[in-house]
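Welcome to this short tour. Please have your viewer open, and we will go from one selection to the next.

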Amino acid sequence: MSVEFMFIGKRTPRKDAEAKVTGMLKYTYDLEVPGMLIGRIVRSPYAFADIRRIDVSEAVKMGAIVVTPSDIPQKPYNPRLVSINEVTFKDTYILTYKPRYLGEPVAAVAASSEELAQKAAECVKIEFEKIYKPILDPLEAIKPESPRIHEKIMKGDKWIEVENNIAARLDYDEGDVNRGFEEADVIVERTFKTGKRYHMQLEPKAVLVVLEPGGKLTIYTTTQTIHNTRILISQLFDIPESRINVIRVPIGGSFGSSIQTNYLVPIAVALALKAKKPVKIAYTREEDILDHSNFVFHFKIKIGAKKNGVFTAAEFINILDVGAHQVQPYPLLGTSLGWFISMYKWKNIRYRGIAVYTNKVPGCALRGYGAPEVQWAVETLVDEIAEELGIDPIDLRLKNYVGKGELFWGQGPTVKSIIKSDGVPELLLKGKEIIRWSERGHPSEKKGRFRRGIGVGRGFHTSGAGGPISGEVIDYTGCILKLNEDGTLDYITALQDHGGGTLDAHVKIIAEELGIPPELVNIATASTETTPYDVCTHASRGTYVGGECARRAAQIVKQKILEAAIRIIGRVVNPEALRIGYDKELKQAVVYVEGTDIKLTLAEIARTSWQRNWGTIGAFVSYRATSAPPSFTVYYVEVEVDTWTGKVKPIRVVAGVDVGTPINPDMVEGQLHGGFVMAWGMAFTENTAYDPLTGEIMGRGLITDYKIPTAADVPTPEEFTVIIAKTYEPTGPFGAKGLGEAAMNPAVAAILNAVYNAIGIRFYELPVTPDKIIEALKEKGELEW
Amino acid sequence: MCINMVKVAFKVNGEHIELDVSPRELLINTLRSKLGLTSVKYGCGIGECGACTVLVNGEPVLACLTLTVDVNSKDIITLEGLSKNGLTDIQRAFIEEGAIQCGYCTPGFIIMAEYMLREVPNPTISDVKEYLKGNLCRCTGYINIFRAVLKAAKSRVSR
């Protein structure tokens with residue numbers, strides 16, 4: 001489908017570009033108000049313990065404000081409010097006498113300077129009743145004899161017992177799996193394990209709480225959802241939502257780390273309420289690692305296929321290591337299944353998903369919400385089956401993948417819709433040519449120190465979590481669009497832009513719908529009290545859900561502009577007779593009648609509506625998407641393995657994406673670059689390892705020991721090719737779908753399939769560090785030293 | 001606390017500054033909290049991420065690892081100073097090439113790119129990687145940053 005757009009699909013500079021390149025943009029970390037106190041958190045030095053008492057006397061003597069669990073409502077909560085209450089598992093306390101991971105907040109102090117606050121925090125004495133041996137392995141934790149990390153937690157409004165440290169579970173069966181495996185000619189079964197990755201967003205989490213005159217709270221914080229932050233604080237402290245205002249502040253990256261309200265927010269609120277003064281907490285990098293990292297995934301997957309390459313059955317066992325507290329692993333059990341089911345037509349499926357507590361930093365979503373992990377495992381297995389059957393891996397994918405017209409499980413079993421746009425064949429076939437797939441050779445032919453290999457990985461992510469039926473996931477948004485008195489517009493939304501340019505996409509969508517230049521649309525500063533509810537910028541929903549909401553608002557505003565124009569012109573009968581466009585001579589947006597000299601500027605209409613007391617032209621829209629379509633991605637990657645050092649280098653990348661209509665093609669490219677590089681880190685370096693005895697993160701959480709890829713590790717612009725499929729998503733704004741997570745999801749699989757093609761070795765445990773490569777080469781008898 | 005304060009005098013973005021600071025005060029805190037220069041970003045505090053890079057006497061320095069007393073009588077340039085007279089070619093190239101996403105690491109990259117182009121006016125892609133490998137970015141995958149820096153270099157050389 002080819003549609004000619006005025007602004008969509010064209011490169012336009014982002015609105016916040018100048019503020020960013022000049023360093024003038026203020027993030028939460030940069031905010032200060034007069035008289036504010038600096039808060040510091042006192043953390044448990046043990047991974048699993050009972051506290052007898054906390055002695056704060058010395059800190060108080062120093063003049064610090066101190067809060068302990070005794071000062072704070074002891075209500076269990078879950079910091080992530082994206083699921084409906086009935087399936088929200090609550091086991092976290094703002095401060096606790098029973099720390100369950102090393103670094104869990106047990107008390108907090110506030111003082112007039114950072115130095116004083118740090119000193120006061122160091123003066124808080126914790127007396128322990130009992131210190132337990134930490135349980136770090138989920139397979140250990142589920143044994144009946146293992147001590148219980150939690151005894152009772154809340155599911156919705158009900159208390160439930162925790163048995164065998166199982167936080168949540170989800171099973172699913174479809175068809176007859178046993179028969180499916182009986183019918184198979186080939187069965188492949190493997191276990192997989194991921195690292196415990198950390199988001200490493202560049203801005204560490206921060207919060208500033210200001211008590212307004214009259215007792216209202218204003219909160220500035222690093223969040224992907226201002227509304228859920230407000231709701232949570234309201235629930236925890238029994239303060240009406242109308243007395244809390246959370247401001248949307250630019251955020252220095254997120255990648256899922258702030259879907260939940262970070263632990264420091266309620267702590268800062270407690271300190272500010274006690275101090276009756278503004279309080280800021282800004283994490284050090286080492287503290288940031290303690291306020292969530294990713295889950296660890298343990299998979300066992302079995303796939304059966306016939307000789308002709310048709311799949312007959314699949315079994316998927318998913319054991320999630322959730323850490324010490326639930327940040328909703330329950331929906332992750334659902335999405336893991338959703339990613340798995342929506343990859344290929346397995347026909348018969350058995351799924352067992354178990355989320356298990358351990359004494360580690362609580363796991364939360366990290367870009368992809370399980371999709372990079374599931375797609376790595378599935379795409380590895382599909383390659384193995386292809387090899388076993390002697391079928392080209394591309395053909396096997398084309399034969400079995402879930403595509404147009406088929407049922408797609410967006411975010412779990414309660415979020416389903418039919419696929420309406422699908423660029424997979426185009427991307428697989430075009431990419432294959434560009435990378436020169438047919439020349440990739442077999443690993444057995446590759447000799448010498450440096451060996452190159454080519455791999456493929458195919459996957460997707462959803463565009464949000466909407467659907468025709470209201471399920472377990474909350475997904476709707478809202479916005480206000482109003483025409484100002486001079487013909488400019490204010491666009492007001494709670495939706496956060498993490499840096500990907502989501503709000504710029506909205507502006508272009510509004511501009512396109514109205515036929516006016518994007519420069520006329522202002523992205524208004526936003527807060528909870530001035531915006532309708534938006535659940536969160538997550539699940540790659542920003543452009544697809546928020547963009548469609550903006551388009552609908554623009555549609556209403558357009559209608560009202562035309563009605564006002566009719567009132568001014570007098571002779572025109574109905575709005576359909578009018579057009580809106582940009583007049584190059586007047587350098588203004590105008591309303592006109594084709595083939596006549598009737599022409600009014602938008603500014604004139606706005607001014608007249610104001611001067612003649614017609615009222616404000618505007619729209620308020622609350623919108624839920626009835627679909628969560630997949631954005632497909634296909635990665636072809638060429639790598640070079642140094643068989644002496646175990647180091648891997650990217651040689652060429654072909655990143656293919658089906659985002660429907662690309663609203664901002666350069667930002668689409670940027671997402672793919674970033675997604676690939678994040679996948680590179682996931683594949684080769686990223687893991688927060690724990691000391692098995694103490695349960696402390698090795699290297700004390702200093703990022704010297706958490707290596708993300710640097711400029712030296714990535715491909716050059718010439719080595720990175722982007723293909724955008726020519727598709728159109730009928731349910732999206734001007735045909736658009738989401739991207740942020742799809743940009744990364746199947747890249748790890750492609751990278752490691754390329755490593756296999758280079759050295760003939762498969763790795764089932766991430767990250768694949770050089771020592772693992774050397775060890776494997778040694779085992780294979782191919783180490784040359 | 002009775003720490004002897006030390007008088008320091010230095011230039012920041014062309015302005016003379018005189019301050020009494022604790023001998024252990026870090027330059028990042030002086031610049032951000034006392035002088036309001038928040039383009040100098042905190043990212044790690046241990047010299048790993050490069051977000052707090054500033055120029056001291058023309059050399060790139062990590063403000064989180066530098067004591068304020070150490071810049072006594074020196075000349076400091078932050079991003080605020082670099083763009084005093086409008087956007088530089090590097091800043092324009094960052095905008096044009098989509099080299100910005102969340103923007104938090106951007107000031108450090110622009111300072112480092114400025115330093116590089118003064119040292120190596122006609123850099124190769126390997127030079128760019130070498131000079132920028134101490135600055136971490138989690139959003140862009142660096143590729144559009146390379147494009148932007150190479151583009152700025154080209155425009156500077158042809159001027």
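Start by selecting chain B: with 159 residues, a compact globule would have a radius of gyration near 15 Å, and chain B has 16 Å, which agrees. That radius is taken over C-alpha atoms, and the globule rule is 2.2 Å times the number of residues to the power 0.38. This is a predicted model, in which local features need pLDDT of at least 70 and side-chain atom pairs count only at pLDDT 80 or more, while totals for chains, interfaces and linings use all residues. Residues are numbered from 1 along each chain as its sequence is written, and chains are lettered from A and ligands numbered from 1 in the order in which they are written.

You will find six helices and five strands (DSSP runs numbered from the N terminus: H or I of at least four residues for helices, E of at least two for strands). From the N terminus on, their order is β-β-α-β-β-β-α-α-α-α-α. The C-alpha atoms of chain B fill a box of roughly 50 × 30 × 25 Å along the principal axes.

Next, zoom in on strand 22 (residues 489-493) of chain A, which pairs with strand 23 of chain A in the parallel sense over three bridges. Select Tyr491(A) to find its bridge partner in strand 23 of chain A, Ile523(A).

Methods
Pairing = 2+ DSSP bridges.
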